[in-house]
Amino acid sequence: MIESADVTREEDFLSPAEVRDLLSGDPVDLAPRLLGSVISHTTPEGTVAIRLTELEAYRGERDSEFPDPGAHSFRGKTARNAAMFGPPAHLYCYFTYGMHYCANLVCGPEGRASGILMRAGVVVEGAALAESRRPAARKESELARGPARLATCLALTTADTGADLLAPPLNLQVPRSALTGGGVDGLTVLAGPRVGVSGAGGSLEYPWRFWLDGEPSVSVYRPAKAR
C-alpha cells in the first residue's frame, strides 16, 4: 500500500480553484486525466483516502449536445439525478440493487449533466478504518475494488449527494499531471466499454471506462446481464 506521505505533498497537486476549473470540462476527456487523484472523506470515525485507479465517464440527456444512453441523465432531470446537472466538483451518489451506494464526481458546466463514476482505487490513508467497513475483503487491493466497495470504504451514501468535493468533510487532490496528461508514472492508461451498462451505452461505441494497466485494484469487466 502507498503510504499517505507519498500522496499529500501540496506542490504535487492542483489548488482547489484549479480543480474546480478543470472539472468544468467534458467527462470523457477528464476521466483518464483524473486517474491517480486522491479522494478522502472524514467522518467522526476518522479519515479514509483512496487513490483512484479506475473511472467511468457519463455524459448527458438524449436531446443534449452530448447524449449518453448509459447515463442516469439520459431521460432528463429528475429528483434522483439532479446533482448531475449541478455545478462541477460536487458529489452525486445513488443507491443500486437495493443494497449498494455508488459515487460520482460531477463535472461539466452547470446545467449540462455529466459525471465520472469512481469505480476502483487503492486505500492510501485510513486502511484500518476501511478494513472495518469492508471485513469481507481478503487483501488490500480488494478494499475499494468496484464502485460499491469504494463508496463503502469512504462511507458515502445518497445523503452525501451534492456535497462539495473541495470542502470538508470531503477532499479531492488532483495531480498536476492532469493538466497535460494524467494517470500515474510508469503505468499505461487503458480504455474500454463500461461495466454492467445495458443497451447501446455499454457497447464498444462508448469506450468510456479508463483504468491503470496492471493495477490489481481495478475491477473485473462484466457486461450487463440480459433481462
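Author: What follows starts with the core, then turns to the pocket and to some backbone details. Keep in mind that the model is predicted.

Start with the largest nonpolar core. It has 45 residues. Leu34, Ile39, Ile50 and Met118 have the most contacts inside it. Which element gives the largest share of this core? Strand 2, residues 46–58, does, with five residues. As a general point, nonpolar side chains in soluble globular proteins tend to be buried together.

Ile50 is then in contact with Ser37, Val38 and Ile39, among others. Its contacts also include Gly121, Val122, Val123 and Val124. Ala144, Leu150, Cys153 and Leu154 complete the list.

Tyr94 leads on to the largest pocket. About 1600 Å³ of space lies there. The pocket is lined by 46 residues. Closest to its centre are Tyr94, Thr96, Tyr97, Val195 and Gly196. Strand 2, strand 3, strand 4 (100–106), strand 5 (115–125) and helix 4 each give two or more residues to the lining. By class, the lining has 20 nonpolar, 16 polar and 10 charged residues.

Next, the backbone. Two alanines have positive phi values. Ala89 has phi near 65°, positive in a residue other than glycine. Ala89 sits in the loop between strand 2 and strand 3 (91–96). Is Ala89 buried or exposed? Ala89 counts as buried because its relative accessibility is 0%, and the cut-off for buried is under 20%.

Ala155 has phi near 60°, again positive in a residue other than glycine. Ala155 is in the loop between helix 4 and strand 6. Its relative accessible area is 28%, so Ala155 is partly exposed.

The peptide bond from Pro168 to Pro169 is cis, with omega near 10°.

Methods
Residues are numbered from 1 along each chain as its sequence is written. This is a predicted model: local features need pLDDT of at least 70, side-chain atom pairs count only at pLDDT 80 or more; totals for chains, interfaces and linings use all residues. Side-chain values use heavy atoms; hydrogens and water are left out. A nonpolar core is a set of buried Ala, Val, Leu, Ile, Met, Phe, Trp, Tyr and Cys residues joined through side-chain atoms within 4.5 Å. Buried means under 20% relative accessible area, exposed over 50%, partly exposed in between (1.4 Å probe, protein chains only). Helices (H or I, at least four residues) and strands (E, at least two) are DSSP runs, numbered from the N terminus. Contact means heavy atoms within 4.5 Å. On a 1 Å grid over the protein atoms alone, a cavity is a set of points where a 1.4 Å probe fits but cannot get out, and a pocket is an open set with protein on both sides within 12 Å along at least five of seven lines; lining residues have an atom within 4 Å of a point. Grid points are joined across faces, edges and corners, and a volume is the space filled by probe spheres set on the points. Ala, Val, Leu, Ile, Met, Phe, Trp, Tyr, Cys and Pro count as nonpolar, Asp, Glu, Lys and Arg as charged, and the others, Gly among them, as polar. Lists of a residue's contacts leave out its neighbours within four places in sequence.
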